[in-house]
Amino acid sequence: MRLYAGVQELRRDLHERKYSATELAQFYLDRISAFNDRINCFITVDEEGCLERAAEFDRQFGSSTNQPLCGIPIAHKDLFCTAGLPTTCASNMLKSFIAPYDATVVKRTSDEGTVSLGKTNMDEFAMGSSNETSFFGPVRNPWNPNRVPGGSSGGAAAAVASGMTPLATGSDTGGSIRQPASLCGVTGLKPTYGRVSRFGMIAFASSLDQGGPMAHSAVDVYELLAAMEGHDPFDSTSADVSKTVLPESNQALVIGYPEAFFDGLDKHIAGCIEEARAKFEALGHTIKLVELPHVEAAIAAYYVLSSAEASTNLARYDGVRYGHRAAESDDLIDMYCKSRTEGFGLEVKRRILTGTYSLSVGYFDAYYLKAQKIRRLVRDGFLAAFENVDLILAPVTPSPAFEIASLNTQPIEMYRQDLYTIPVSLAGLPALSLPCGFVDGLPVGMQLIGPHFAEGAVLGGGIAFQNVTDWHDQHPDLEATLGS
Amino acid sequence: MNTAWEPVIGIEIHVQLATESKIFSSTPVEFGAEPNVRANLVDLAMPGALPVLNEEAVAMAVKFGLAIGAEISETCIFDRKNYFYPDLPKGYQISQFESPIVGRGQLPVFLDDGSVREISITRAHLEEDAGKSIHDRFSQHTGIDLNRAGTPLLEVVTEPDMRSAAEAAACFRQLHALVSWLEICDGNLAEGSMRCDANVSVRPAGDTGFGERTEIKNINSFRFVERAVNHEIERQIDILEHGGEIVRETRQYDATRDMTFSMRGKELSDDYRYFPDPDLLPLRITKSFRDSVRASMPELPRQKLDRFVTDFGIDREVAARLTSDREIATYFEATVALGAAPLLSANWILGDVAAALNRDERDYSDVPVSAQQLADLVKRLEDQTLSSNLAKDVFDTIWSSDESVDEIIDRRGLRQLSDVDELSDLVQSVVTAHPEQVEQIRGGATKVMGFLVGQVMKASLGKADPRQVNELLKRMLNI
């Protein structure tokens, strides 16, 4: 059994009975029990369920009906509902909530044969860029435990980076897959809005939330995407489009290079992306400068819109039917106030308040409506750019992983973490975040952005890049940094 | 009513659409089930649950829109109306704020005096109902029943076109008849299938501006609408005549005490923070969808009215009454289809049948006289087998019996006595028996004729035709 083995290797080994699914699951469970106490990337480890399911597959192996991901372990971000297992959204509000149903993503990946190890840590209700807002404590970056792993899918990124799982589901609203993937040195895809069902994925900002895969490589990301994607009649915003198909050969592409994104970017990160750009040229692709207007207004628009949606999406956590209810209260209003005050953390409250404000009479036009207009302009800017290029190459984060607690009291600085990911989210486009170098011993990633539903082209570009580089094969030495 | 003041009334009706399942979930709609057994993930607002629009509710709303000649939106949006209440599980209601599915239309309303008022419908929009809070079942606690949560509602809003409580009630009744006609609502007022809010203001007679208004919430019967609005009109006039001011507020009608009382002040407006629900895509209603709904619609009241006038040669006013309610129209058509004369049938249906229904507090959906019985009765009147007096007798019999009209006529020997010889014998014997009256008539007291006709009718057991008796008497007395 090889640490950091990819899906194809695991599949082959399981078929050749080099090891059983049970042994494989146990291997990852051991890794989790060795390091999770210090990385804190799992909120719930489902040892029993995981081994039971692996044993079930072991009895079935050899039959011709094996699913593509049969016996391969996976970890779900703790906002995907799982029947019978806690789904907390990393919040005190839901710390003992057990969903009565499986999210579509959970069901589909399970139908494809994955074995779930448990639920990964995240920023509370997916609100955050450092995984420090979790009720269950911060996740630590496997490359340096004093650094953040990024967020909100920080647990998923850290779990993949530390070899605790080969596959993980994440969700991305303004960068929550791409930014932690970049800071932890793993590969993650934010699919086109509508590609992956949101049914059963606890909502933060409905018009932006999108589930997606995280793994060691673009090939594995594709494998997991194939299990997650597809139209879902239970999600009205899910698109009825054909499945992602990888391009057949290495076609020559025109790759856009948005110069504006590189102004003020950490020069070491810019250097890594320059190198990647040269690699793409060496692969026969053409680089072309593109303009992406209005992206400077994107962060403001994003925080107005996502907070507005969040403020009403989170209204259902009222202590009435499930979730946290204050022990003592004088009347209904008091029950609401206490339950929500105790149940939600600071960042969640901040967003509920700002979101409520921007939807209020007298402010709606100046904030919500204006933000919608900016969103439209940003989207139009990307669509215009894609008339001339096939993909766009961009940075993911303005800096490598920062120190834990260093941005806690500076929300605006924290929000700027998503400077390069947010415009893509507003436009609803697919983007792959993949490693492209190191700065001060910390991984750095880049984004390949594609037109709507062009996941095939995006992943094809990533696979081609990873065929000629080994950034994605670099892994942290946990034993050395943490001690065993 | 104080004629110095003119009431101005507009109403809003929440029509519960008779869909199989809820508007945003697959839960079957069922009244009276055990609490919370008709509530799934979506209705309970479980984390991660998402709404999916029920197309049947859309088709019903479109049906209503087409029936009132309204514009149907090509694209409309569902909005979130945000407020906290324990029986509102999501913390917001999915409704339509700026772009209702049905735009402006017209509803002809039939008033008791036989006249028709065209009432403008401002809009109608789709929304979901909330659950119910149960305050009287648990001590110290409120129970929440979410069976009703997510039931589809069509909220119909009228212009302030009504000028009396009776008109407001008539408008509610007309909307009830229309949605029943279209089969988009079961019309069961007692179960809350239609709930009426009335906006009431008064102004000095002759003014064209509007006075400050109050809203009376959740009235669930036609009679209560009339009473509640009348009370409110009187209350407002009383305040204004004493130099007071009307406060904009929401009031509730208490049927047992027969009065309205203030529920809560409705300041300029609560801030519901409406915004488009990002979980639902804009609803596009294509021409082909509209056409398929139109094709599935029954003949509309106005189309039927025109047809009755053309096909049966009856007055517009009579045709309008026959088509004011689908049950009446159906009953009329069934009767005529069985060969009864249209005008005579209409007169019976709108006259004797209506009176008897009213007496027994029944409606046209359960007339105890079948169309076949009524058609036979009308035919026997037409062919003069029955006198009109005996026809009323027979009608009273068939009101509580399934017996056929002809069987009743034969069994009771009610066939009209039209044989001239037999009748002449009867007349002769009456003349012989009353020489005094005959003398009076011959002396010019023609009024006494009536007495003799009555005696002949009595002798014929009511089977004679009074006109024929009259003629025979005149001939016999040579006057």
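With 14 C-beta neighbours inside 10 Å, F84(B) counts as partly exposed. On that scale, 20 or more other C-beta atoms within 10 Å of a residue's own make it buried, 12 or fewer make it exposed, and in between it is partly exposed, with C-beta atoms placed from the backbone.

A word on the source. This is a predicted model: local features need pLDDT of at least 70, side-chain atom pairs count only at pLDDT 80 or more, and totals for chains, interfaces and linings use all residues. Residues are numbered from 1 along each chain as its sequence is written, while chains are lettered from A and ligands numbered from 1 in the order in which they are written.

Back to F84(B). It sits in the loop between strand 3 (79-82) and strand 4 (92-95) of chain B. Helices (H or I, at least four residues) and strands (E, at least two) are DSSP runs, numbered from the N terminus. What does F84(B) contact, leaving aside its neighbours within four places in sequence? A315(A), D318(A), Y336(A) and G91(B). Contact means C-beta atoms, placed from the backbone, within 7 Å.

Next, helix 15 of chain B. Its buried residues are V469(B), L472(B) and L473(B). The face turned away from the buried side carries exposed R467(B) and R475(B). Just after helix 15, N478(B) takes a positive phi of about 55°.

Methods: Two residues are in contact if their C-beta atoms, placed from the backbone, lie within 7 Å.
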